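This report describes selected local features of one structure. The sequence and the model are shown first.

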Amino acid sequence: MVAHPDLETSRINKRLTAEIERRGNVTVHRLYETYPDEKIDIAREQALLRAHDRIVLQFPFFWYSSPSLLKKWMDEVFELGFAHGKGGDKLNGKELLIAISSGGAESMYQAGGFHNYSYSELLRPFQQSANLTGMIYRPPFVVGRIREVSDEQLEKYAADYADYVEGRSAISGTKG
Ligand SMILES: Cc1cc2nc3c(=O)[nH]c(=O)nc-3n(C[C@H](O)[C@H](O)[C@H](O)COP(=O)(O)O)c2cc1C
């Protein structure tokens, strides 16, 4: 799942998406392109979730969180009886992997740094949503300091990302 409001003008998410698409082992679902009117087909989204064992939410970090359509998607798709509550076991045992790009550097994302909190801390709502829905939360994949990332580095990050998403590598880590 790629949730970028303007993937065409994106640099980081566009390259990461192209790499997983090129490998061909992953279903690439572009949320903003699928729903330009932001009216989410809940049944279609739930069917997609049920058909996959590893769910990757890839997005640019916006205000320490996801772009708004991804929040709407979770609000509507992870509904009672599907993702939680009575009969809500449909996500049990699936993996959840968050992949973000961020303007800030990793050194800013720590206590006393410019952003004060780590990526792991700021991504807690995703982690706890995984806990509640019985999903297995995997370490996030982060491309930080995006303005300093060279084209060569981006190629390497894209390959590392695709390896991680495909389960070929257990190493996520923060780049940049
Ligand atoms: C509305 C908005 C909010 C943003 N908030 C953050 C933020 O909280 N932390 C951060 O590190 N970068 C922030 N950024 C920078 C984006 O994360 C950055 O532009 C994005 O990762 C670039 O990815 P792309 O090349 O795929 O477009 C923000 C950018 C926008 C437009």
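The model is predicted, so local features need pLDDT of at least 70 and side-chain atom pairs count only at pLDDT 80 or more, while totals for chains, interfaces and linings use all residues. Residues are numbered from 1 along each chain as its sequence is written, and side-chain values use heavy atoms, with hydrogens and water left out.

K90 is found in the loop between α4 and β2 (95–101); helices (H or I, at least four residues) and strands (E, at least two) are DSSP runs numbered from the N terminus. Not counting residues up to four places away in sequence, K90 touches R50, G81 and F82, contact meaning heavy atoms within 4.5 Å. The C-alpha atoms of K90 and R50 are separated by 6.7 Å.

| Residue | Relative accessible area |
|---|---|
| F62 | 36% |
| K90 | 25% |

In helix α3 (residues 42–50), E45, Q46 and L49 are buried. These residues cover an arc of only 100 degrees around the axis, which puts them on the same side of α3; the arc is that of the directions from the helix axis to the C-beta atoms. A43 and R50, on the other side of α3, are exposed.

How values were computed:
Buried means under 20% relative accessible area, exposed over 50%, partly exposed in between (1.4 Å probe, protein chains only).
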